[in-house]
Amino acid sequence: MLLSVVVREVQIPLLASLLLGSCATKLVHVLRDRSIDAAAGATALFSVHLRRPVAIVMCTTECALGIGLILTAGRIVRGAPTNAVRLGTALLFLIATCALIELRATRPDVGCGCFGDFSTAPVSGRALARSAFLAIAALITIGLPPLQPPHRGVAAILPLGIFAAELALVAALSPEIGEGLVRLGYSEPCELRTVPAEQTVAALHRSSHWRRHAAIITSDKPADMWRELCWRYVVYPGELHGRPVELVFAVFLRQHRPAIQAALVDAATGNVLPWQPGSVRPASQADRVRRLVRSPAPVFSAPTDPGPGPGPPAGPASAGADRQVRRSAVF
Amino acid sequence: MPDTRADHACCDRCAGGATAARIARRRLLKAAVFRPADAGADASPNPGTQASAGAADDDAAGLRPQSKRARFATSGELPRAVTGTIIDVSPHFLVVGHGTGEERFALTPDAIAWRGGPLDPEALRPGDQAVLRLHKRARGVADRIWANIGRVTGTIVERSGEGLLVDEGRTRKRQFVTIPPRAAGRIEVRFPSLEPGYLIDVIGLRRGGALEGLIPATSQPAYRVDQMPAPALVSGHVPDAISGSATWHEPADKPPGVLGVAYPALDPEVGCAEGTGPGIPGSVRMPYLSIGSVLLVRNDCTGSSCALPVTSCAAVGRLFNDRCVTCGTSPRSRVADLTQASFIALGGELERGCFNATITIGG
């Protein structure tokens, strides 16, 4: 089999997969943000009222051409429809290349939106080269006879090798790959992590701190709760020897086994009170078993999390209290 | 005129009458949790002095080293702002009436007033609502007066022949802005899209319940609010100090002299965030705080700084991705929305709208 024919044949699955992938990522982006406007990208070239219809047309066209390339690849559909789909694909990429050049000149801050929210980086020369390359790839498929059934054995090495090489080239020209890799390895700093209050309270209720001091607490509902950087503070009203007190818990904001600190404060004077030995209630066997079941060891621990720090506090700290654990208890 | 009362729902734990007490209590409780090891029960903080002094509990809470210098501003150190209604004015004196009675202020020879533009103080009229900046050392002397100044910052929700209806976020009332023909050119140069969905930030004169927009406070972001660019991912720790633009807001239903800051990234749990998508939009991701957290705010133009408590949320501030160019060009994003009194105390000029600022969390 001639090398040129193999190269042309390889373009069909490559183009189809890219078109369908592009359409799918846009759809995911739109569904997640519940707005077609989310898939902005190159539609920023148009006036506001045209952006939504242009985004819909773009996505539909990509999907239709991707499916069309697959359906017209074999012997089922031949002739004019086949070439029309391939010509349409080439035209799409040519128009996309021109649009990206225009977008780069007029809105250098906007990404192309080719692969949904993965394409938020400003349009670069790589994105332009990719689009032009795919336009050429589509053009050389025009007039290609129906694709042969997949080769077996040694004969399959050549088309697979060309496909892999082209895929690597497209990946090298795609800024989205870098963005995807960043997201895969991304761990959000604890200061920016969104942790629901219910989750914090649930973690607190499972902790040994809670069990120790539950006897003092007089209400299930916190009197106050607020967050500062990596900590959420939960205050419960309580009573100790007839005096109204407040129990303050600082819970570190992470998914599993958060570090917790606690203090007992006189509700009237604000003085910090020493912990009362009588207020400690050891955990029952059932509690321990339940705790083990509910709180598996953390699989991932963000680098910004504090260590367990079981030791006693060591005097005034020089760094932010919110990022330190000096007297932490991990249940 | 469209109804400006619509959709005004104050969020939980945002500014209100009990804010000051809550701030003091939270600082006390936080200090109790993070108190040093050698501080026994006897060394417990006194709630009466905690909120005002601010330094002792900062140390106890293990805040950053600079916290030893930073504490809440006192009237003896920074210019103080007085708000009231002008009762009488002469070339050398000004009498202002406010909630506690009348107060007479001498004017410095170089005192300047503003009412839509610079003017001599004697041109002010009785009945004008004025904000006075008092001299640093002489408390009974005013050197700067702003009359009837107002500001509207938010998203345009409706445009009519009379003006614009602007949504200032979930915690504030909607505002109506009129733009007189003499200011239209100036404003439209900086705000080319005065259409629903776009942001606006104008300074002008209060006339009844509406604002007559005269000065653009910034340049309009190119995006609609529902098409905000996604913020960049942040790895590792968020930096201790964040630079950007510090703006001011009108007191609305709060006392006018409050020293505080509206922070654009309050804990999502309190429901102060703006935007339509999941999460909180914004060009810069800022660490989450709550009412009562303390920020050390520094005016990079004058070098003044003071520790201010977070008193409310600046939900709309997060939607702006602008820079302040009062002295040099600040990094993008609004890091603090100060009360008028705080803005003046830190050396800001209200009609300028912003100053380049650096905030340090924990103060």
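Helices (H or I, at least four residues) and strands (E, at least two) are DSSP runs numbered from the N terminus, and two strands pair if DSSP finds at least two bridges between them.

S3(A) pairs in the antiparallel sense with strand S2 (residues 231-240) of chain A over 10 bridges, and Val235(A) has Val248(A) in S3(A) as its bridge partner. These two strands, S2(A) and S3(A), form a hairpin with 2 residues between them, and His241(A) in the turn has a positive phi of about 50°. S3(A) also pairs in the antiparallel sense with strand S4 (residues 260-266) of chain A, over 7 bridges, where Ala250(A) stands opposite Gln261(A) in S4(A).

## Helix H3 of chain A

Helix H3 (residues 80-106) of chain A has 27 residues and reaches 38 Å from its first C-alpha to its last, close to the 39 Å expected, a span defined as 1.5 Å times one less than the number of residues. Buried residues of H3(A) include Thr82(A), Val85(A), Arg86(A), Thr89(A), Phe93(A), Ala96(A), Leu100(A) and Leu103(A). An α-helix has 3.6 residues a turn, so residues three or four places apart point the same way.

## The barrel of chain B

In chain B, a closed barrel of 6 strands runs S12-S16-S13-S15-S14-S17, with mixed pairing. Neighbouring strands of this sheet are turned by 45° against each other on average, direction ignored, where the axes are lines fitted to C-alpha atoms and angles run from 0 to 180 degrees between N-to-C directions. Strands S12 (residues 241-249) and S16 (residues 334-339) of chain B run parallel and are joined by 5 bridges, and the bridge partner of Ser245(B) in S16(B) is Arg334(B).

## Gln129 of chain B

Gln129(B), in strand S5 (residues 129-134) of chain B, is partly exposed, with 17 other C-beta atoms within 10 Å. Leaving aside neighbours within four places in sequence, Gln129(B) is in contact (C-beta atoms, placed from the backbone, within 7 Å) with Thr85(B), Ala147(B), Asn148(B) and Arg206(B). Gln129(B) and Gly97(B) are 32 residues apart in sequence and 9.5 Å apart in space, C-alpha to C-alpha.

## Conventions

Residues are numbered from 1 along each chain as its sequence is written, while chains are lettered from A and ligands numbered from 1 in the order in which they are written. For this predicted model, local features need pLDDT of at least 70 and side-chain atom pairs count only at pLDDT 80 or more, whereas totals for chains, interfaces and linings use all residues.

Note on methods. Buried ≥ 20, exposed ≤ 12 C-beta atoms within 10 Å, placed from the backbone. Contact = placed C-beta atoms within 7 Å.
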